[in-house]
Amino acid sequence: MSIEPIGFIVLLLGLLGMVNGARFAIATLCLSTLLGAAAALQLPALGGSSIQPSHLLVLFLVAAALLRPAQTQAMLASMAYPGPGFWFAAYILFSVASSFFLPRIFAGATLVYSSARDATGMMSTVAAPLSPGSSNLSQSVYLLGDLACFAVISGLTRLGYARFIALQLIVASIACFALALIDIGTFLTDQSYLLDVIRNANYTMHTAETISGFKRIVGPFPEASTYGAVALAYFSFTLMLWLERVQSRMAGLATLFIGPTIVLCTSTTAYIAGIFVVCMFVLYCLKRLIGGPATTPHVTLLVITLFLIPCGIVALSLVPDAWDSIAGLVNTTLSDKLQSQSGEERTAWNTLALIAFVDTATFGAGLGTVRASSFIAALLSNVGLTGTLLFAAFLYSLVRASGRRMSGDREMRAIGNAAVMASIAQVASAAISGSGTDLGLLFSTTAGLAAGCLAATNISPRRANRSLANRSPLETSTSLPRAPMFSTR
């Protein structure tokens, strides 16, 4: 194991998070999820695996929560049946168990594209017989980190940190936009080496690619599709907050910033998932307009999506040069994608993944065994029908909690719904191009925030006061001073 220069900074921030408490730890974690191409630790013994700063910070976030009894109790309560946390824990624990048993049970039963990396960080481009590998362990560690992050964020949300966590996600979305600008600026000035400090992971980097004259925006990530998926998640979160008038000025500004970068990132994943997300928002606004109560932001979004954007497309078609450039970009990223070398490779990955699902009698080959190009194919081929159903139960419970009419604070419901939209956006992006079953720490953060907010709105003030009265003096003194005041303005 070797520690990268950025790793020492991460370790220092983690220690400060343990000392200063949840607010500092959450702020650093949200910003660290942007460093998708960075490595804090390198693990040559595990096939050259790289440990990202965000995954290292999760350890300190969990440690900080375990040192405070009230936060530990809330973290464990977030896993209670029948809430989303229970199903998420069941899905992850089953996946981890499958990584040990299934690759050995079905060894040699089928051909797969392995998720394991060699010492140079490259994945095999040749199908090989199914067998255990280093990725079984690394993917298990990543998923356990996702579960820990979900539990801590959900628990802290129950203790009153929802508004603070939402604010940090808004700040992270603005930082995502700023890093996209830096990526473009360093590319145009031939100074891309300045970002090498946050592009040191053992991944294949696609940071200097262009399509139809457009620079593919990657920001702090290894490729445009990853940036597009993350940016779309932030866009969904901030847009919902703006619609519901929660942190509306800052959320609206973040939405205005991050939206154009999704259009300009030239990612097929972002475009297809973005269309799905926009349709969800249009349906949501129409529902509010018909059933009420609709506000000015809801009407504004409907006018923009149903009138102004179509008019803009018609106007653009009248400018031949601009229209040809846009048409070339659309053809390259959408129409011709499946005929490209990348499209053919990804089709082959999904084909073998689905064959592996059948050849293992729907049990799957085990977490981290099979590489695919769709989250759905990855679920079926790695954790089988059982793991897929457990994840579906988790997602259903999360969406069902969002749609349920509940009494409680309007702001908490709005933040919870925004987090649900961001989580759905990430699942939609992964369903198009996700290579594995790990949706990442940003997903765990938004899903945990949603579960905590929507669970908290079910608790009546009388029940909450009775819960505080039943706490021990140590728990009360630990949690109450650190829980931020929750404003309803």
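Buried means under 20% relative accessible area, exposed over 50%, and partly exposed in between (1.4 Å probe, protein chains only). Helices (H or I, at least four residues) and strands (E, at least two) are DSSP runs, numbered from the N terminus.

This is a predicted model, in which local features need pLDDT of at least 70, side-chain atom pairs count only at pLDDT 80 or more, and totals for chains, interfaces and linings use all residues. Residues are numbered from 1 along each chain as its sequence is written, and side-chain values use heavy atoms, with hydrogens and water left out.

**View 1. Helix H2 is largely enclosed by the rest of the structure.** H2 spans residues 22–32. Of its 11 residues, 8 are buried, which means that the helix is largely enclosed. The buried residues are Ala22, Ala25, Ile26, Ala27, Thr28, Leu29, Cys30 and Ser32.

**View 2. Arg163 and Glu411 pair through their side chains in a salt bridge.** A salt bridge is a side-chain nitrogen of Lys or Arg within 4 Å of a carboxyl oxygen of Asp or Glu. Side chains of opposite charge can pair when their charged atoms come close. By this rule the structure has 5 salt bridges. In the Arg163–Glu411 pair, the N to O distance is 2.2 Å. The pair links distant parts of the chain: Arg163 sits in helix H6 (residues 134–188) and Glu411 in helix H14 (residues 410–433), 248 residues apart. Arg163 is partly exposed, at 23% relative accessibility. Glu411 is buried, at 3%.

**View 3. A salt bridge joins Asp183 to Lys215.** The N to O distance is 2.8 Å. This pair, too, links distant parts of the chain, with Asp183 in helix H6 and Lys215 in strand S7 (residues 214–215), 32 residues apart. Both residues are buried. Asp183 and Lys215 also belong to a network of salt bridges with Arg199.

**View 4. Arg216 forms a salt bridge with Glu209.** The closest N and O atoms are 3.6 Å apart. Arg216 is buried, with a relative accessible area of 13%. Glu209 is partly exposed, at 30%.

**View 5. Cys265 is in no disulfide.** A disulfide is a pair of cysteine sulfur atoms within 2.5 Å. A search of the whole structure finds 0 disulfides. For Cys265, the nearest cysteine sulfur is that of Cys176, 9.9 Å away. Cys265 is buried, with a relative accessible area of 0%. Cys279, by contrast, is partly exposed, at 42%.
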